[in-house]
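Q: Can you walk me through some strands and helices in this one? I'd like the cut-offs as we go.

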Amino acid sequence: MSEHREPTVVQKNLTRRGFLKVATGSSVALLLAACAQPVAAPTTAPAPKATEAPKPAATTAPAPAATQAPKPAATQAPAASTGAGDFDWKKYKGTSLRYVGWNDNWSQPMTSKVPEFEDLTGIKLNWEQLAQDQNRQKVQTELTAKNKDIDLIYIAPHVEGIKYYKAGWIFPLDEYMNNPKMVPPDFDMKDFAEGMLKTCNMLGKQLTLPVVSEACLFIYRKDLFEAKGVKPPENLLDMPAALDKVHSPPSMYGWVGRGTVTQNAVPWSSYLYAFGGDYLTKDRKPDVASDASLKSIQFYADVARKYGPPGMTTMNWPEAVAQMQSNRAAVITDANSFRNALDDKEKSQVVGKVGWAMFPKGPVGNTPGIWTAGTSISALSEKKEAAWYFIIWSLQKKYQTYTHGRGCPSSRTSVWNSPEGQDIRKQWPDWADNTLKTLQISNKGYSPEVVSVMEVRNAVGELIVKAMQGVTGDALKAEAEKTNKAITDIMAKTEG
Amino acid sequence: MSVAEKPVAAQVSRGPTDAVLSFIDRHAQWLFPAPAVIMLLLVMVFPSLYNIYMSMQTWFATSTAEPQFVGLQNFADLFGKDENFRDSIWRTIYFTALAVVLELVIGLAIALLLNRELKGHKVIRTLFMLPMMATPTAMALIWVLMYNPTLGVLNYLLSLIGVPPQEWLSNLALVIPALAVVDIWQYTPFVTLLLLAGLATIPVEPVESAKIDGASAWQILWHITLPLLRPTIVVAALFRIIDTLKTFDTIYVMTQGGPGRASQTINLFAFQTAFEYFHIGYAAAVSLSLIALVFMVSGVLIRLRRQEL
C-alpha cells in the first residue's frame, strides 16, 4: 500500500513547497528592497538645547518713539549686517524648503513673489498656508513627532515664541544675523523698528524678525458715518451712541468683531487695557475677575450682542472682515493690516469707503493692542542656512515696501519714509498716521504673557463667549473667578 | 517497509532549503496568519496598551521634560475635578441619543415605505443612499453654509413662512440638535439599509394570517413586524451608537466644539487636550474613558440582543 501512496504524497508536498519557495523568495526580495532605503542626510546644525528659561519678558513691544516713523533699532543691529561680506545668494542652490505658514495679510501678497526667490537663490520653496488655528495644530503635531521636514514656520512671537523655543523647536537667528557672510550688505538690520525687533527677541534670543507692525484701530465706514453726521468716537463709552446711528439690521450691523473662543480675546484686549485691566497682575496672578476686566468683558459682549450680526460667537476674523467687505457691518475694532482685504477691488464692496481712526480712549487709558509676526527656522530642520536665506530675502526693503503697499504695515522705518511709503500715507493718511500714533502710545500685546498662550487665551475666550451669550452681573463674576482658577492651574502645569 | 522508507530518508537529507520548507510546511498553521497577527499587534494592541500606559503619565509634549508616572491621578482629576470633561460626557450622550433615536425612527419609516413594490423603487433606493456615500467633511462644510445665519438657505426658507432667523451653530440650545440633524441626514440611509434587509427576512405567513384575522395595519406593525425586526433594530442601534459616540469630523469642521464648549463632545475634548494643548497623558486618559463608555453601551446592547435570541 505504502509503495503506491508514496508518490502521491511527494507530489502534493512538492506543489506546496513550490508555492512556499516562491512566497519565501518574494518576501526576502521585498525585505531587501525595504532595507535598501537611502539613509537620511546628517544634520547641518544641532538643535538648540532647551534650557530652563526665565519667566516670559514683562513687556511686549516698546513702541517706537519717533513721531513720523518707527524708530530704527540703533542698538540691536549687528555690526556685520551693515558691512560688506561676501554674501552669495546662490550658495544653497538646489535645496528645497518646506514652509508651514499662515494665510494672512503678509503671506498672501508674498506668495506671488516666490518665483523671484527661487530664481535668485535656486532654492525651491514649498509654502503651505493655513488658517492660524490649523497651522498651530499642524506645526505642533509635526514638531512633537520630531519631523525634520519642516524648515520654516510662521510664528507670532507672543503666542508661540516662548512655548516653541522652550520645546526646542526654534533655532534662534542671532548666529546668522551676526555673520557677515550670511547677511546681504544692503540688508540694513538697523532699519527695523526697535520695538518690533525687541518683540521678536525672547529669553535673550532673536526668535524671528518682524514682518509687520500691527496695531488695533477703530476701522469704520467713513461714508455711513458722514451721512449720519457722526464722527468716530474718541471715548470708548461714546461708542454705543455712534454705533446706534449707523446700526440698521439686517442690512447693516453697527459693529462686527471676532467672537470665537480662540480669537475673541485678541480685539477684546484693547478694551481690557482701556478699562484699566490686564490678563495678569504684576505678580503674575490671573486677573480676569477684576472690576476693570469684568467691565471690559461686559462692554465687549454688550456691543457684540446689540450691534453684532447673528452668529457672533462663531465668527473668527476672516468672517468678521467678510461682513465688512460685503457691506453688512459699519465698524470693526481690529488690526490695521485688514486694509488690504477691505480695499481689495476684487473681494470688497467697500473700497475707498473705509476710515481708520484711533481706538477710542477708555475710562482709564488708551493702550490699544499691538502685534507682530515673522518667519522662524525650525530647530529640527536640516537646511537651516537655506531657510535663513528665505527670511533675509523676504524682509528686504523692496518686499517690505511691496507688502506695505498691500496693507501690511511694515516694520522697516525706511519703508514708511520711502517715496512709495509717502504715497501710501497720502492715499491712506488716517491709516498711516493712526498706526504710527498707536505704536507710540502702546507697548501691550494682544495676548497674555505666559508660556501656554493659546490655552490661557481660550480660557478667557470661553468667559467672553459666556458674556456674549447673556451671562452677566454676579454670574459673570463667578464665571470669571472660575477662569482665574483655570488659568492658575494652566500656569502651574506649564510654567512650574 | 524498508523499501518504502528509503526515498523519504533521502528527501529529508537533501539540503537546508528542504529543511526550511519542511519547517514551514509543518508550522503553516502558525506562519500563514502571522503577518496579519503581527500587523494587528502593531496597529491595534500596541497603541491600546501604550495609550493605557500614557494615561498614567503626566507629559506635555511641547515641554522638554520627560513623562512622569502619576498612577491614576489623571483619572482622579478627570472625574473628580474637571467640569469640562463631565459636561462633555453629557453632551456626547445627548448628541448620541438624539441622533440615534431619530435615525432609527425615520430609518424604520423609510424602510417600511421602500419595502413596498413602489414604481421606480430601485431608483429611489439608490438616490436615498447618496448621503451615506458622501464625504462627511465636505458635507459638513456645505451644512455650515446652509446654517449660516445671514447667508444660509435654512434661514431664508424659514423667513418664507415668517419664522425669524436662527443662529443655528452659535446658539447654545440649538447647536447640538443642529449637529444631530447633519448626522441624521447622513446616516439614516444606513439604518434604512439594515432594516430593509431585516424586513426581507420576515416570513409572510404571520402577516397574512393576521390580515385574515382582521388585524389593522398598525396592529400588524406593532405586534408582528416590529417584534420580528427587533434583532435587526438592535444591531442598527449598536452600529449607530458606537459611531455617533465617537463622532469627530462633522463636529470639528462645523463648530470646533463651540460656541464656547457647547458642542465639545468627549472626542473633541480629547483632541483639544492632545493636539492644541499637548497634555498627552491627560488626553490618553480622556480617550480611554471614551473607549470605556463605548464598551459599556455596546455591552448592554449586545446583552439585550442575546436575550432576545
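A: Two strands pair if DSSP finds at least two bridges between them. Strands are DSSP runs of E with at least two residues, helices are runs of H or I with at least four, and both are numbered from the N terminus. This is a predicted model, where local features need pLDDT of at least 70, side-chain atom pairs count only at pLDDT 80 or more, and totals for chains, interfaces and linings use all residues. Residues are numbered from 1 along each chain as its sequence is written, chains are lettered from A and ligands numbered from 1 in the order in which they are written, and side-chain values use heavy atoms, with hydrogens and water left out.

Q: OK, how many bridges does strand β4 of chain A make with β11(A)?

A: Two, and β4(A) (residues 170-171) runs antiparallel to β11(A). S378(A) of β11(A) is the bridge partner of I170(A).

Q: Which way does β3(A) run against β11(A)?

A: Antiparallel, with four bridges joining β3(A) (residues 152-155) to β11(A). There L152(A) is opposite I377(A).

Q: How many residues of β11(A) are buried?

A: Five of the five in β11(A), residues 374-378. Buried means under 20% relative accessible area, exposed over 50%, and partly exposed in between, using a 1.4 Å probe and protein chains only.

Q: And β7(A), why is it called largely enclosed?

A: Because eight of the eight residues of β7(A) (214-221) are buried. In a regular strand the side chains alternate between the two faces of the sheet. In β7(A), E214(A), C216(A), F218(A) and Y220(A) are buried on one side, and A215(A), L217(A), I219(A) and R221(A) on the other.

Q: Which residue is opposite R221(A)?

A: V354(A) in β9(A). β7(A) and β9(A) (residues 354-358) pair antiparallel over five bridges. β7(A) also pairs antiparallel with β8(A) (residues 331-335) over five bridges, where C216(A) is opposite A335(A).

Q: Switching to helices: at what angle do α6(B) and α11(B) pack?

A: About 40°, with the axes of α6(B) (residues 83-114) and α11(B) (residues 175-200) 6 Å apart. Axes are lines fitted to C-alpha atoms, for helices over the stretch in contact, and angles run from 0 to 180 degrees between N-to-C directions. The two helices are therefore oblique to each other; angles under 35 degrees count as roughly parallel, over 145 as roughly antiparallel, 65 to 115 as roughly perpendicular and the rest as oblique.
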